[in-house]
Amino acid sequence: MPNRTPRERIMDAVMVCVDRGGLHSFALEDVAAEANLSRATIYRHFPGGRTQLINDTVTREVARFWGELADHVRPLAAIEDRLVVGLMEARRRIDEYDLLQRLVASEPDDLLPALSESDQLVQLAIMGYIKDLISREQLVEGLDLETAAEYLTRMLLSHIGTAGRWDLTDRTQVERLVRTQFLAGIIQRQ
């Protein structure tokens with residue numbers, strides 16, 4: 001990738017190092033060598049050191065995940081279709097992301113705090129996205145846009161994280177979930 005900034009190169013190097021051996025396995029020297037930059041350059045871009053480096057890299061990867069997911073569902077016109085396909089695709093991507101699965105299994109105590117650093121940003125971004133989607137819909141009488149967007153955001157994040165009794169690989173089940181649990185009481189049905 002040409003024209004990557006030093007910050008991008010550093011975070012890319014973190015991903016290589018973590019993939020190689022996990023969150024605990026690398027030192028800043030490893031990242032510097034992988035990025036072909038000095039430790040001083042790393043500290044210039046990440047003055048909080050290793051903790052900031054990990055948190056910022058995780059936040060970037062989380063943002064990338066959601067951005068790619070939004071791009072995937074963008075061609076779909078109906079909100080129900082976007083939610084169904086988005087849920088299914090998000091779950092598939094999480095399940096198939098080998099590095100994430102390895103870190104969750106082997107280093108959850110290190111990964112989860114880094115993920116929580118980006119949690120509020122994710123919620124705000126998704127809520128804005130959902131708000132924009134449902135602003136084009138006829139909401140159930142008496143329901144305000146903010147409340148509806150917050151509810152749908154929480155439902156989406158909750159089910160992506162833990163599907164519960166729903167099989168997110170089964171389109172029929174996901175359609176029923178979205179229709180009866182997500183949108184019932186939110187969108188006015190004709």
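**Note on the predicted model**

1. E89 is buried, with a relative accessible area of 11%; buried means under 20% relative accessible area, exposed over 50% and partly exposed in between, with a 1.4 Å probe and protein chains only. E89 belongs to helix α5 (residues 79-96), where helices are DSSP runs of H or I with at least four residues, numbered from the N terminus. Setting aside residues up to four places away in sequence, E89 touches L69 and H72; contact means heavy atoms within 4.5 Å.

2. This is a predicted model, in which local features need pLDDT of at least 70 and side-chain atom pairs count only at pLDDT 80 or more, while totals for chains, interfaces and linings use all residues. Residues are numbered from 1 along each chain as its sequence is written, and side-chain values use heavy atoms, with hydrogens and water left out.

3. Which residues of helix α2 (residues 28-35) are buried? They are L28, V31, A32 and A35. Seen down the axis of α2, these buried residues fall within an arc of 100°, so they line one face of the helix; the arc is that of the directions from the helix axis to the C-beta atoms. An α-helix has 3.6 residues a turn, so residues three or four places apart point the same way. The buried residues of α2 pack against α1 (6-21), α3 (39-45) and α4 (49-73). Just after α2, N36 has a positive phi of about 60°.

4. The axes of α1 and α4 are 10 Å apart and form an angle of about 90°; axes are lines fitted to C-alpha atoms, for helices over the stretch in contact, and angles run from 0 to 180 degrees between N-to-C directions. The two helices, α1 and α4, are therefore roughly perpendicular to each other (65 to 115 degrees; under 35 is roughly parallel, over 145 roughly antiparallel and the rest oblique). Among the residues that meet are R7, E8 and I10 in α1 and L53, D56 and T57 in α4.

5. The structure holds one aromatic pair. The ring centres of F65 and W66 are 5.2 Å apart and their planes lie at 90°, so the pair is edge-to-face. Rings of Phe, Tyr and Trp (its six-membered ring) pair if their centres lie within 6.5 Å; planes under 30 degrees apart count as stacked, over 60 as edge-to-face and the rest as tilted. F65 is buried at 17% relative accessibility, and W66 is buried with a relative accessible area of 17%.
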